Amino acid sequence: MKRLLALLLLLGLGLTLGGCWNRRELETTAITLALAFDWDEERQLYLLTAQVAKPSAPTGEGGGGGGGGPSFHVYRAEGRTVMDAVRNITKQSSRRLWYGHIQVLLVGEAAARRGLAEPLDFTSRDGETRLLYWAFVTRGRAGELLQRPVGGERIPALALNQLAKNRIATSKAESSRLVDLYRMLMSPSGALMGLVELVPGQGSSGNEFRLEGSGVIRGDHLVGFLDGRESRGVLWARSGVRSGILLVPCPGVEDRSLGIEIIRARGEVRPVLGSDGKLEIQVRVESRGNLGDQDCRVSLDSKKLIRQVEDSFARGIKEEIMAAVERCKELETDCLGFAVHVEKRYPRYMEQVQEHWHETFMQSRVTVDVSAKIRQLGGALRPVQPR
Amino acid sequence: MGTITSQQAGWLTFLVRITVALLLMPSLRHVTKGPDAWIGIILGSLGGSLVVWFLARSALRFPHLTLIGRLKQAFGPTLGSALGLLFLLRVLVMAANTIRGFASLLIGQPMPETPGEAFFFLTAVGGWYAARRGVEAVARIGELLGLPILLLLLLLPALGFSEMQPSALMPVLGYGWGPPLRAAIFPFCIHLELLVLTMLVPYVRDRANLVRAAVSASLAGGALIALIALAITMFYSAPSAARLTYPLYDLIRSINVAEVLQRLDALFLLLWAATVYVNLALFFWIASVGFAELAGVQRPDPLLPALTLLLVAMATKAYEGIVELTALESPPIYPWTSLPFLLGLPLLLALVEALRPRAACEL
């Protein structure tokens with residue numbers, strides 16, 4: 001009898017005490033897939049846009065679905081802080097928003113220029129969010145990108161998620177997850193965020209997203225942008241290039257190109273502090289590529305020609321890196337992450353220059369050494385030679 | 001009341017060693033510069049394991065006495081009982097701390113609107129229920145859960161490997177020994193709390209293996225926490241990890257293997273709840289046996305309901321929030337709240353015992 005009573009008591013406690021306050025029912029929950037933060041300078045308010053999945057949305061193709069409207073709903077709210085805005089959404093939504101499945105976070109240009117630390121603070125404090133979703137910066141208002149269906153995808157957040165995964169095909173944009181962004185923001189160097197824009201689409205598909213280039217963050221403020229080529233220049237140095245096509249001149253044929261498919265790349269940064277106290281940053285990149293296609297009819301069947309192409313390949317990589325270095329110096333920000341390497345090699349020196357590191361970076365000499373190899377020509381040894 | 005094996009005592013040592021450390025991973029916060037928290041944890045654990053060795057060796061000199069018995073024997077009934085009472089209050093503080101930490105994680109993250117009292121009651125009642133079954137039952141639970149907990153705690157952080165950056169561990173000792181030594185304070189001091197386990201000595205059957213089991217368990221616990229600190233540092237980078245309240249929980253909830261294996265935080269909470277449960281059951285049992293010995297009562301069971309209520313009251317009133325909880329585990333507060341009593345008491349006791357005729361040692 002005693003045992004039974006004890007068991008009943010425990011079961012009763014379990015039923016009455018365990019989590020009744022925080023229960024979430026599916027029918028009262030809206031699953032948030034994307035968030036966008038913007039800053040209204042005039043009114044000094046954060047504008048929050050949340051894209052949530054419609055639970056009973058039709059599954060047809062296209063943004064509108066099978067004639068039943070879009071598969072998502074957009075809520076907008078404003079607040080003095082992001083959390084304030086998050087809670088203000090509940091004034092419009094009958095369902096409580098769930099942030100555990102966010103795919104993408106967009107930060108508008110004005111909010112990013114004002115500073116990322118404050119709007120991002122919510123993401124690491126909230127118990128629902130996880131730090132593995134993508135974080136991008138936009139030109140203009142970020143909320144605009146979540147308003148309408150884009151391209152052939154039903155839900156813009158999912159399209160952006162896929163776009164971020166596909167960026168390795170060109171390596172022309174930084175794609176950071178929130179955890180990477182935190183790592184960069186907390187390091188002495190600058191940070192990069194992938195740049196997403198809305199561009200006019202082809203045919204009837206309306207607008208489309210384009211992920212190319214990167215926003216440069218100094219401290220936690222957006223200070224400028226890198227284009228696609230410069231972004232890849234940064235990624236070479238940071239071992240972030242996974243794939244992509246690099247165009248090099250066709251040997252012996254003017255104005256014609258070969259498309260080298262980047263197969264592998266590894267970047268190494270070695271800071272060297274001279275006896276005169278001057279810092280030199282040595283960047284070394286090793287890359288392998290295959291011939292992807294050629295816009296000329298030269299047969300690359302001799303070692304000499306392959307060497308020529310390899311030299312051009314190496315030169316192309318070096319030019320991209322130097323373009324990135326120049327642009328980062330122009331923006332007065334170490335967006336290549338050199339500070340992290342200096343801190344590893346010369347921690348005491350880094351302590352001294354940390355306060356004015358970006359100025360030190362601008363005065364430092366950067367040298368680039370590239371070793372590039374072509375290993376495969378694909379399925380054809382020679383180009384098509386019509387008779 | 002039952003008896004246990006030295007292996008079971010080892011598992012209990014392991015679980016007591018890791019439970020509080022796992023929650024807040026204080027060493028990550030205590031490093032002011034560089035990513036060397038893991039070195040500090042290893043140093044602290046090595047030093048702490050020496051303390052465990054000393055505690056076990058000195059307890060084995062009087063294998064039939066609990067710590068309360070040894071205190072009474074060494075200092076006489078009045079002073080010995082007073083010191084014993086202080087020790088038991090410390091055990092209750094540790095138990096309240098464990099309950100509070102458990103509730104803090106749940107309230108702070110997945111269940112913010114649930115009153116803490118709900119967790120205090122549930123965990124305290126759970127501890128009471130296990131403790132009333134005796135030390136044998138508590139040790140069996142510890143033995144049963146110990147290995148799965150160890151393996152899962154190794155596996156779960158490892159699942160985040162694809163997002164980890166080994167370069168985040170550089171420079172090693174770039175800022176000298178100062179930062180890791182600061183990080184070593186907590187892991188060293190947490191070993192002092194293992195003094196409570198000397199209450200188990202009279203109940204261990206194969207005492208010849210006890211020292212080895214206790215030291216191995218404390219070293220294994222230190223190695224596990226150091227590996228977890230390595231994983232967290234590689235995942236977040238040292239400065240980013242230092243600002244997180246629950247770094248391990250955050251790491252595990254961010255794991256996403258091939259878009260399939262995710263939201264593993266529930267599994268971690270289950271593991272954490274299991275370690276808390278074993279800890280509490282053990283602390284309950286130790287407190288009840290200790291108070292019974294002090295009061296000269298044969299059976300400790302009747303004391304358990306009162307202890308449960310006392311613990312819930314202590315957990316409710318002891319701390320106001322997470323800021324206090326983290327401050328209590330950080331220098332300069334933590335060493336001062338643990339070193340003088342938890343190291344001073346056994347040292348003083350060993351000194352007095354050494355000066356007195358040695359009792360028969362029955363290993």
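This note goes through cavities, a pocket, a surface patch, a strand pair, a salt bridge and some backbone features of a predicted model.

1. On conventions, local features in this predicted model need pLDDT of at least 70, side-chain atom pairs count only at pLDDT 80 or more, and totals for chains, interfaces and linings use all residues. Residues are numbered from 1 along each chain as its sequence is written, chains are lettered from A and ligands numbered from 1 in the order in which they are written, and side-chain values use heavy atoms, with hydrogens and water left out.

2. Cavities are found on a 1 Å grid over the protein atoms alone, as sets of points where a 1.4 Å probe fits but cannot get out, and lining residues have an atom within 4 Å of a point. Grid points are joined across faces, edges and corners, and a volume is the space filled by probe spheres set on the points. By this rule there are five cavities of 30 Å³ or more, and the largest cavity has a volume of about 160 Å³. Of the 13 residues lining the largest cavity, those closest to its centre are Thr13(B), Ala56(B), Leu197(B), Thr198(B) and Ala214(B). Helix 1 (6-24), helix 3 (37-60) and helix 9 (210-236) of chain B each give two or more residues to this lining, the largest share, three residues, coming from helix 3 of chain B; helices (H or I, at least four residues) and strands (E, at least two) are DSSP runs, numbered from the N terminus. The lining of the largest cavity divides into 11 nonpolar, two polar and no charged residues, where Ala, Val, Leu, Ile, Met, Phe, Trp, Tyr, Cys and Pro count as nonpolar, Asp, Glu, Lys and Arg as charged, and the others, Gly among them, as polar.

3. The second largest cavity holds about 80 Å³ of space, and its lining residues include Val16(B), Met94(B), Asn97(B), Phe186(B), Glu193(B) and Glu329(B). Helix 1, helix 5 (77-108), helix 8 (178-192) and helix 12 (265-295) of chain B each contribute two or more residues to this lining, with helix 5 of chain B giving the largest share, three residues. By class, the lining of the second largest cavity has seven nonpolar, three polar and two charged residues.

4. A pocket, by contrast with a cavity, is an open set of points with protein on both sides within 12 Å along at least five of seven lines. The second largest pocket contains about 1300 Å³ of space, and of its 46 lining residues the closest to its centre are Leu106(B), Gln109(B), Pro110(B), Met111(B) and Pro112(B). Elements of both chains give two or more residues to this lining, including helix 2 (82-88) and strand 4 (96-98) of chain A and helix 6 (116-131) of chain B, while helix 12 of chain B gives the most, with seven residues. The lining of the second largest pocket divides into 25 nonpolar, nine polar and 12 charged residues.

5. In chain A, strand 9 (residues 207-218) and strand 10 (residues 221-226) run antiparallel and are joined by five bridges, two strands being paired if DSSP finds at least two bridges between them. Ser214(A) stands opposite Leu226(A) of strand 10, and in the hairpin of these strands, which has two residues between them, Gly219(A) takes a positive phi near 65°.

6. Over all chains the structure holds 28 salt bridges, each a side-chain nitrogen of Lys or Arg within 4 Å of a carboxyl oxygen of Asp or Glu. One of them joins the side chains of Glu163(B) and Arg177(A) (3.5 Å, N to O), crossing between chains from the loop between helix 7 (135-158) and helix 8 of chain B to strand 7 (residues 176-177) of chain A.

7. Most residues other than glycine have a negative phi, and most peptide bonds are trans. Asp255(A), which is not a glycine, has a positive phi of about 60° and lies in the loop between strand 11 (245-249) and strand 12 (257-273) of chain A. The peptide bond from Met170(B) to Pro171(B) is cis, with omega near -5°, and Pro171(B) is in the loop between helix 7 and helix 8 of chain B. The bond from Pro331(B) to Pro332(B) is also cis, with omega near 5°, and Pro332(B) is found in the loop between helix 14 (322-328) and helix 15 (333-355) of chain B.

8. Finally, Met1(A), Leu4(A), Leu5(A), Leu7(A), Leu8(A) and Leu11(A) make a nonpolar surface patch of about 670 Å², and Leu7(A) is placed in helix 1 (residues 2-17) of chain A. Patches are made of residues with over 30% relative accessible area and no salt bridge, like charges being joined within 9 Å and nonpolar side chains (Val, Leu, Ile, Met, Phe, Trp, Tyr) within 5 Å. Accessible areas come from the Shrake-Rupley method with a 1.4 Å probe, and for residues only the protein chains shown count as cover.
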